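This report looks at how two chains meet, then at parts of one of them. Keep the structure in view while reading.

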Amino acid sequence: MSGAAGGSTDGSRNKRHVLSVAVRDKPGVLVRIAGLFARRGFNIESLSVAQSERPGVSRTTFVVSGADDTIEQVEKQLQKLIDVLTVVNHTAGRSVDRELMLLKVAVRNPDERVEIRQIAQDFRARILDVARTALVFEVTGDERKMDAFIEQMRPFGIVELIRTGRIALERTAAG
Amino acid sequence: MTGSEVVMKLLERHGVEVIFGHPGGAIMPIYDALYDSPIKHVLVRHEQGGAHMADAYYRASGKVGVCFATSGPGATNLVTGLATAMMDSSAVVAITGNVASGLIGTDAFQEADVYGITGPVTKHNYLVKRVEELPQVLAEAFHIASTGRPGPVLVDVPKDVQLAKYDGPLDSEIDLPGYKPTIVGHAGQIRKAAEAVRAAKRPVMIVGGGGQVVPREVAELVERTGIPVITTLMGIGAYPPAAEESLGMPGMHGTVSANKAISHCDLILGAGLRFDDRVTGKISRFAPNATVVHIDIDPAEISKLVKAHVPVVGDLRDVLPRLTQELGPLDIGEWRETLAGWKATYPEKYTLDKPLVSQEILAMLREATAGECVVATEVGQHQMFAARMLPTTKARSFITSGGLGTMGFGLPAAIGAAIARKGETVVLVAGDGSLQMNIQELATLYKENLPVVIAILNNGVLGMVRQWQELFHAQRYSEIYLADSNPDFAKLAEAYGIEGHNIHDRETAKSAIRAAVAAKKPVLLNFFVYEAEKVFPMVPAGAGVDEMILGDQEPDAHRVPEPVAR
Ligand SMILES: Cc1ncc(C[n+]2csc(CCOP(=O)(O)OP(=O)(O)O)c2C)c(N)n1
Ligand SMILES: [Mg+2]
């Protein structure tokens, strides 16, 4: 569950790839893309869709895992879809990526409350909701940071959590 | 105007001359507008037939084929036809009616998610939301279907859109920023391709379905260089099969010469093909010593299955002439001699050991038509026999379902091709199994009264399946027997008003074929052939093309050699 964009392996030939796909806001585009991944044996780990800077254009970010030799094929097949404008494979180092997580952790006593808040501060997590028995945090960062925060909170008892999945942008070339 | 009138007017503007369709509730407004339209409509008896006719119409003419269907069951009946067209890169525009917009998503009567269902089997599809979209959507549909790598496009039009009033312009700009097919090949890549071809000692050109648009350009390249040519099932007719340089079809049921050439060559010049598994066999044994030059209009085909050392993305109409320019006569005399030797050792042959033999019927058909006919096929052993014994000399003339292998394609395809190529005789090579999958189109054939000769190679079995069971499933013949319940095909034809003959022997066969070809009307000839016929050579599934089972194609003195040359 950890690693830089496009760089890690899960032990098999499967590699994780972060694909940023700019699509026209047309119905059915996502279904076509998802269908393509499924047909070629790719597992979508996360998917986010949002408006881009251009009107009528959405930017979707897919984290998928699959064999390396098929990713090029999938990129080409994506490019073939009429409503797909661009496909970028974010390889490690050339892109920045972020994820947003909301996490609700149980609070049993005042000592724990202090401890939890201390950890949250280290992660620069924001408190969104305070109750006597639980706290809700908002954390942004890369995937590794999310994973680490979850591990830190686990002993206290995670009540619920939700992650948006990654979004990514290419870095601007130096110069 | 209403949306329906807009649809019909736009089809006219796009040069549509014929529509293959079947009406129903959700497309009735369009059929009402069709009533006043000059465009010819062919009433099919099953929407699948309509889709195959439109597909074959494109294949035979190069003009986009158009079909109509109603919502729900009408549209779902199109699916096999769309998938067939998609696999063989055929330009079809399918227009379906749908329930009114307000009812979509409510499980209304005859509602199906046609947009969702047809997405994976079309190059693109549309669900029209407002009548104002029609001019642009149809312009885009025809553009997408017919440019780049051709393919089917479906336009789903809800009933309220068909009825809506529209008084805007019919002209429309297309707006497809994500669709830019690469037409012009990269000069550097073409140069590299030429260098590789020049350096080769044992080159071979393989032409696929893309070759159907460039028979002249292929011929010019071959004439200039002397390179031997293999044509895939989809490439039949892109180069004359009787030419000295022609090695025939490669792959699972390909010729020995073509498969040997692939195994021994040091360069493949692939043009407009996608290295389908039926062509390559086991990839690791496919052309192990070859540099692969791959020219294709679809970048996704490059290095998909066979690694291309020199990829060239572009339209063959652009790339081939430019490549020819950079080439001269190749110094490959020795290689050509080797190939000529193989062709002499392994001619097409068959034994006349039964009252009627599939290959001899095809040879008779070839003789009777002087090779000057359009051939359509169904799917099975008869299809492979036809590809080898009745390859056409002209492009766009061998109409067969290669990629999807759709039984039931042949009869509607023969009708679509006959309409596209007025005046030319179409020979449909059919199996007794496949023909029954769209047999209802005999009614359409009767009504259109087209010069289609249906030649059933009636072996009483699902022959291709039987062949696999005999060879690879220990003769366990599971559910392949048809003879006990086949109809009397001659009588069946007659029931549809079509002349039909059941034929059991060579003499009758010869005269019946001659008469049928001369008749210039539909005639069904039902030839009874032996159930245990097999198509050889055969590359077993998963084996390499160098591991052919030769079977009756083994060189041996007892058989009558059948030279392919004519
Ligand atoms: C729609 C469809 N169903 C099943 C198949 C599998 N299949 C391929 S060839 C074949 C046998 C075809 O029999 P027939 O038309 O009699 O031709 P023959 O092989 O006997 O010449 C079958 C069942 C297919 N290709 N298409
Ligand atoms: Mg049969």
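## Charged and polar pairs between the chains

In this predicted model, two salt bridges are counted between chain B and chain A; a salt bridge is a side-chain nitrogen of Lys or Arg within 4 Å of a carboxyl oxygen of Asp or Glu. A:Lys80 pairs with B:Asp298 in a salt bridge, with 2.6 Å between the closest N and O atoms. The side of chain B that touches chain A is made up of eight nonpolar, five polar and six charged residues. Here Ala, Val, Leu, Ile, Met, Phe, Trp, Tyr, Cys and Pro count as nonpolar, Asp, Glu, Lys and Arg as charged, and the others, Gly among them, as polar.

## Area and contacts

The size of an interface is often given as the accessible area lost when the parts come together. Chain B and chain A bury about 1300 Å² between them (accessible area lost, 1.4 Å probe, summed over both), and 49% of it is on carbon and sulfur atoms. In chain B, the residues that lose the most area to chain A are B:His124, B:Gly178 and B:Ala300, together 33% of what that side buries. Contact (heavy atoms within 4.5 Å) links 19 residues of chain B with 14 residues of chain A.

## Helix H11 of chain B

Helices (H or I, at least four residues) and strands (E, at least two) are DSSP runs, numbered from the N terminus. Helix H11 of chain B spans residues 256–264, and seven of its nine residues are buried, where buried means under 20% relative accessible area, exposed over 50%, and partly exposed in between (1.4 Å probe, protein chains only). Among the buried residues are B:Val256, B:Ala261 and B:Ile262. The buried residues of H11(B) pack against strands S7 (203–207), S8 (229–231) and S9 (246–248) and helix H14 (333–345) of chain B.

## B:Arg421

B:Arg421 sits in the loop between helix H17 (410–420) and strand S16 (426–431) of chain B. B:Arg421 counts as buried because its relative accessibility is 11%. Its side chain reaches the backbone oxygen of B:Arg396 at 2.8 Å. Beyond neighbours within four places in sequence, B:Arg421 is in contact with residues including B:Ala60, B:Val374 and B:Lys394.

## Confidence and conventions

Chain B has a mean pLDDT (the predictor's confidence in each residue, from 0 to 100) of 96. For the complex, the predictor gives an ipTM of 0.88 and a pTM of 0.94.

Residues are numbered from 1 along each chain as its sequence is written, and chains are lettered from A and ligands numbered from 1 in the order in which they are written. Local features need pLDDT of at least 70, side-chain atom pairs count only at pLDDT 80 or more, and totals for chains, interfaces and linings use all residues, while side-chain values use heavy atoms, with hydrogens and water left out.

How values were computed. A polar contact is a pair of N or O atoms within 3.5 Å; within protein, one must be able to donate a hydrogen and the other to accept it, and residues adjacent in sequence count only if both atoms are side-chain atoms. Buried area is the accessible area (1.4 Å probe) that two parts lose on being put together, summed over both.
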